[in-house]
Amino acid sequence: MAKTDGGMKWALVAPVLLLLITFNVFPLLYNIVLSFTNAELVGSGSRTVGGANYGRVFADPQFAGALRRTALFVTCAVGAELLLGFSVALALQRAFRGKQAVVTALLVPMMLSPAVIGLFWNLILNGNYGIVNQTLGWLGLPQPQWTTDRDLKFWSILAIDIWMWTPFMMLISLAGLGAIPPSIYEAAEIDRAGRLRVFFKITLPMAAPVLALAVLFRATDALKQFDLVMAVTGPNDSSTQTVSTLIYQIVFRDGKVGLGAAFACVVLVVVVALATVFTRQLDRLRSSEGAP
Amino acid sequence: MKYLRFLIIIGYGAVATLPLLWVVLSSMKHRADTISLHAKVVPAPTAPADPASITFEATAEAWRDLAAVHAGAQASFWHYLANSIIIGVLSTIASLALGTACAYGFSRFRIPGSGDWLFFILSTRFLPPLAVVVPVLMMYRELDLQGTHAGLILLYTIFNLSLSVWLMKGFLDEIPRAFEEAALVDGYTRWQAFLRVVLPEARTGMAVTAVFCIISAWNEYGFAMTLNSSGAITVPAYFAGLQGNIDGMPWPQIAAGALVFVAPIIIFTICTRKNLLRGMTFGTIKQ
């Protein structure tokens with residue numbers, strides 16, 4: 001079938017490949033070039049500065065802080081979302097009336113624009129007139145300054161992310177749980193296996209490959225965290241700065257294109273490593289029997 | 001156990017949906033009621049006599065004011081919504097067309113290194129936008145694309161290619177080759193078989209793919225903000241731009257605008273609920 005139409009197959013695939021090379025691969029290479037210069041956002045004329053930008057990236061604690069904070073964010077967000085999402089999926093596992101409608105309603109947060117909804121969370125979490133603190137006050141509980149307290153705002157942003165993305169984990173978990181054949185549970189029942197035993201010996205291992213996939217999807221996404229931080233604290237807050245907001249701050253606020261490019265290159269190495277793990281996992285899933 | 005299950009569902013359901021209910025309530029308030037030190041929870045036809053009451057006067061003011069130009073912006077909400085629609089729809093069409101063609105190529109033809117190409121296409125999705133934004137900005141300056149609709153359409157089209165290729169490949173792989181073979185026997189050319197026989201069969205997949213493309217273009221903020229100072233500002237960038245303006249945040253209007261903005265997304269979510277997982281995972285999980 002594929003022998004005679006060489007022209008057609010390249011006409012089909014070439015546009016996509018060319019666009020991706022022009023707007024993804026070329027910028028990446030250009031980024032490397034820029035990272036060795038002192039290029040600025042305004043004004044032309046830049047010169048090569050060797051590895052000076054990289055020297056700054058590795059010496060300045062701001063960069064290490066942003067990397068550490070992003071790693072913490074990814075770990076906590078993905079962990080909490082997985083735990084919560086999987087628990088809710090377990091609760092939703094058995095059929096009941098209106099289940100489809102409930103599941104769809106629970107999915108809404110992840111479909112929304114983080115930039116728009118993140119903005120709105122500022123109103124909900126406001127220390128003085130936010131509904132959360134008014135409710136806490138009414139209950140006689142302490143009313144922390146969620147979005148302005150130095151020690152708290154990072155965790156508030158994390159909480160918003162968990163609110164947005166737990167539905168994703170729930171949805172994938174539901175698929176993973178739904179793919180376990182009922183006959184296995186029936187066999188376990190005949191063997192009089194206890195509930196906990198069934199959970200740890202059947203449910204969890206059989207859902208694990210799909211959950212791993214979910215974790216990798218979320219991790220690569222959380223790694224880019226930008227919108228929520230911008231909405232809640234802005235890019236230049238020393239206690240919430242992630243790698244994306246730091247690059248934004250350096251390039252667009254400070255105008256230091258070369259330095260921003262150097263940091264972007266460092267970040268990219270980390271992302272490529274993660275993406276490699278991710279696609280390996282994908283291949284393993286696709287080749288393994290019984291994946292949904 | 002049974003009660004625990006329902007407790008979890010109801011408890012989580014409340015956390016998931018109450019913030020959205022708050023957006024709805026806020027869109028019915030006067031601005032003073034959105035930042036009142038007394039929680040205003042229950043809409044009422046008239047303003048309460050007691051300022052500490054939990055009721056507030058319901059008003060359509062915010063909805064009318066969507067047409068107003070706020071401090072910190074140059075046009076009204078509707079103008080930016082129109083930008084979002086133009087950019088979202090055109091980039092989705094482009095991405096879907098290019099992605100479907102490419103996916104068909106990988107699905108039906110023997111392409112050297114196809115596994116590596118597909119991996120490359122997927123890997124572009126993991127790129128943090130800010131890792132390429134600087135060179136893209138430089139390119140856009142050269143090409144005069146900065147702050148134009150065309151610039152964002154092009155960018156979102158490319159951004160969504162990985163999604164549309166992977167999703168469409170999954171859908172096209174499911175269409176039996178016998179369809180095309182029969183068409184070829186009937187005297188169709190390969191192109192005709194693709195356009196007239198395969199594409200109509202793939203319409204569900206194309207609809208699902210289009211929904212996911214438009215959602216990601218619709219919600220995108222990073223590029224919309226960094227590559228734009230005035231020309232083609234979309235709704236997320238418009239709302240974010242209101243922060244720190246001199247008159248304070250117009251919360252009721254933001255709430256009303258946010259509702260208008262998310263309404264199509266919620267409708268799309270409901271329409272594609274059976275294929276949601278497939279879309280969110282690039283077709284790697286089929287439900």
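Two residues are in contact if their C-beta atoms, placed from the backbone, lie within 7 Å of each other. The model is predicted, and local features need pLDDT of at least 70, side-chain atom pairs count only at pLDDT 80 or more, and totals for chains, interfaces and linings use all residues. Residues are numbered from 1 along each chain as its sequence is written, while chains are lettered from A and ligands numbered from 1 in the order in which they are written.

**View 1. The contact between chain B and chain A.** Chain B brings 76 residues to this contact and chain A brings 76 residues. On the side of chain B that touches chain A, the largest share is 12 residues from helix 1 of chain B; helices are DSSP runs (H or I, at least four residues), numbered from the N terminus. This side of chain B has 56 nonpolar, 15 polar and five charged residues. Ala, Val, Leu, Ile, Met, Phe, Trp, Tyr, Cys and Pro count as nonpolar, Asp, Glu, Lys and Arg as charged, and the others, Gly among them, as polar.

**View 2. The two domains of chain B.** Domain 1 covers 2-59 and domain 2 covers 67-280, with bounds from an automatic or database domain assignment. Their C-alpha centres lie 34 Å apart. Nine residues of domain 1 of chain B are in contact with seven residues of domain 2 of chain B. Helix 1 of chain B gives the most to the domain 1 side, with three residues.

**View 3. A:Ala52.** This residue is found in helix 2 (residues 52-59) of chain A. A:Ala52 is partly exposed because 15 other C-beta atoms lie within 10 Å (buried means 20 or more, exposed 12 or fewer, and partly exposed in between, with C-beta atoms placed from the backbone).

Note on methods
Helix = DSSP H or I, 4+ residues; strand = E, 2+ residues; numbered from the N terminus.
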